[in-house]
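Here is a short note to read beside the model. Take the points in order, and find each residue on the structure as you go.

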Amino acid sequence: MHFWKGKLPIFAKMVYENPINGEQFILYYNAIPGTDKTPTLSQRPDNVLTLKKKDAGTIKEYKYVFDAKYRLNPAYEGTSYHRTYGQPGPEEDDINTMHRYRDAIVYQEKGTGEYERSMFGAYVLFPYPDEERYKAHHFYKSIELLNIGALPFLPNSTSLVEQFLDEIIQDSPEKAYERSTRPRGTREYYANQLAGKNVLVGSVRGPEQVEVALQKSFYHMPLKNLSDVKILTQLEYVAMCQSRKKFYDPAKTGIHWVGKVADWKVLRRKEIKEVPSRPGTEEELYVRFTIEAWQRLAAPVLLGGQGIYTVLYTSKYILDRALELAELRLETEEDIREWREKRRRGKVKVKLDHEQYVDLGRVVEVRNI
């Protein structure tokens with residue numbers, strides 16, 4: 001745990017680390033590092049939870065405001081609050097403050113200097129004991145709709161907060177992003193990203209073909225294996241899939257290499273000199289891809305019980321995030337999110353710094369620093 005002093009009251013930070021995947025959860029009190037120099041006015045909510053999630057080999061941060069407000073509107077009969085919401089709850093101006101926190105707290109990207117909104121959600125913590133009744137409140141339902149709202153939080157009323165923390169900690173990056181209110185047109189943008197199948201994943205005949213392809217920076221395949229020749233105009237990458245039949249060592253199966261396409265040509269097989277042609281194939285039409293550079297994937301895409309007979313097409317967006325071959329066959333953003341949500345879920349033990357164990361469906365080790 002860190003404590004430090006400035007012009008304002010004491011600041012604090014607690015870091016929690018998942019020992020299995022290295023993801024960190026950081027709780028800040030009275031401080032938001034990296035957001036103090038905003039173009040307008042600095043904001044300082046009570047608590048900010050930062051979740052660092054692994055996505056396509058990088059770490060992305062998702063921040064959430066939990067601001068303690070010690071006010072409860074009792075919703076007395078005849079008041080406008082009672083007519084609107086029908087039960088006690090947080091004050092409306094506290095909810096408006098959450099809107100301001102989410103929209104006003106920005107982060108300036110190093111290098112580009114561009115500003116990005118860094119808060120994915122903001123929530124009032126207010127004193128109210130009846131959690132079950134509160135589930136029907138407008139400002140509880142608004143959390144699912146806008147990721148802004150309020151949660152009861154008293155010593156004996158913490159179940160809704162605990163449940164919500166479990167959800168956002170286990171969220172995949174797609175689900176975390178999906179919770180936030182996105183600019184208009186975002187769905188169409190990502191639909192286009194996923195629809196653009198710019199990666200050809202092709203099979204290889206064995207280790208010799210992979211070795212030559214890496215040495216000579218090329219890949220070749222029969223033209224007849226393409227479902228539509230027009231797809232050649234949109235391909236930007238080629239990935240090689242190594243099958244169980246040709247690569248006996250399990251550590252060498254799957255997709256290990258992807259290369260950016262510099263050029264392609266349709267040739268007779270006999271014109272491709274890097275690899276001798278098999279008898280009877282000399283006059284067949286082949287596609288020869290020239291590769292700018294082959295890149296080894298940080299973690300191979302595993303076969304997971306599947307394989308590729310000839311080729312399949314996917315997007316670079318999906319390939320960068322895939323762990324198993326089946327993921328490359330997913331078609332929509334919803335399919336990807338559902339797959340990754342299931343992949344992240346699991347009933348395991350939680351180890352706390354006081355060495356008690358609680359079954360919450362994730363592994364967390366508290367590390368005081």
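1. A residue is buried under 20% relative accessible area, exposed over 50%, and partly exposed in between (1.4 Å probe, protein chains only). Is S203 buried, exposed or partly exposed? S203 has 24% relative accessibility, so S203 counts as partly exposed.

2. **What you are looking at.** This is a predicted model, where local features need pLDDT of at least 70 and side-chain atom pairs count only at pLDDT 80 or more, while totals for chains, interfaces and linings use all residues. Residues are numbered from 1 along each chain as its sequence is written, and side-chain values use heavy atoms, with hydrogens and water left out.

3. **The whole chain.** The protein chain has ten helices and 18 strands. Helices (H or I, at least four residues) and strands (E, at least two) are DSSP runs, numbered from the N terminus. The chain has 369 residues, and 44% of them count as buried.

4. **Contacts across the sequence.** Contact means heavy atoms within 4.5 Å. Take the contacts between residues at least 6 apart in sequence: 59% of them join residues at least 24 apart. S203, in strand β10, gives you a case to look at. S203 and C241 are 38 residues apart in sequence, yet their C-alpha atoms are 5.0 Å apart in space. Which residues touch S203, leaving aside neighbours within four places in sequence? They are Q209, Y219, C241, I308, Y309 and T310.

5. **Helix α8.** This helix covers residues 207–216. Its buried residues are Q209, V210, V212 and A213. An α-helix has 3.6 residues a turn, so residues three or four places apart point the same way. What covers the buried residues of α8? The cover includes the strands β10 (199–203), β11 (218–222), β12 (237–242), β13 (254–268) and β14. Just after α8, S217 takes a positive phi of about 55 degrees.

6. **Aromatic pairs.** A pair of aromatic rings is described by the distance of the centres and the angle of the planes. Rings of Phe, Tyr and Trp (its six-membered ring) pair if their centres lie within 6.5 Å; planes under 30 degrees apart count as stacked, over 60 as edge-to-face and the rest as tilted. The structure holds eleven such pairs. In one of them, Y128 and Y134 have ring centres 6.4 Å apart and planes at 70 degrees, so the pair is edge-to-face. Y134 and Y140 also pair edge-to-face, at 5.8 Å centre to centre and 65 degrees between the planes. F126, Y128, Y134 and Y140 form one aromatic cluster. Both Y128 and Y134 are buried. For Y134 the relative accessible area is 0%.

7. **Charges over rings.** A charge sits over a ring if NZ of Lys or CZ of Arg is within 6 Å of the ring centre and within 35 degrees of the ring normal. K316 lies over the face of Y237, 5.0 Å from the ring centre. R321 lies over the face of Y317, at 4.1 Å from the ring centre.

8. **Salt bridges.** Side chains of opposite charge can pair when their charged atoms come close. A salt bridge is a side-chain nitrogen of Lys or Arg within 4 Å of a carboxyl oxygen of Asp or Glu. How many are there by this rule? The count comes to nine. D94 and R71 form one of them, at 2.8 Å from N to O. D94 lies in helix α2 (residues 92–104) and R71 in the loop between β5 (58–68) and α1 (80–85), so the pair ties together parts 23 residues apart in sequence. D94 is buried, at 5% relative accessibility, whereas R71 is partly exposed at 37%. K270 and E283 form another salt bridge, at 2.9 Å from N to O. K270 and E283 are both in the loop between β13 and β14, 13 residues apart.
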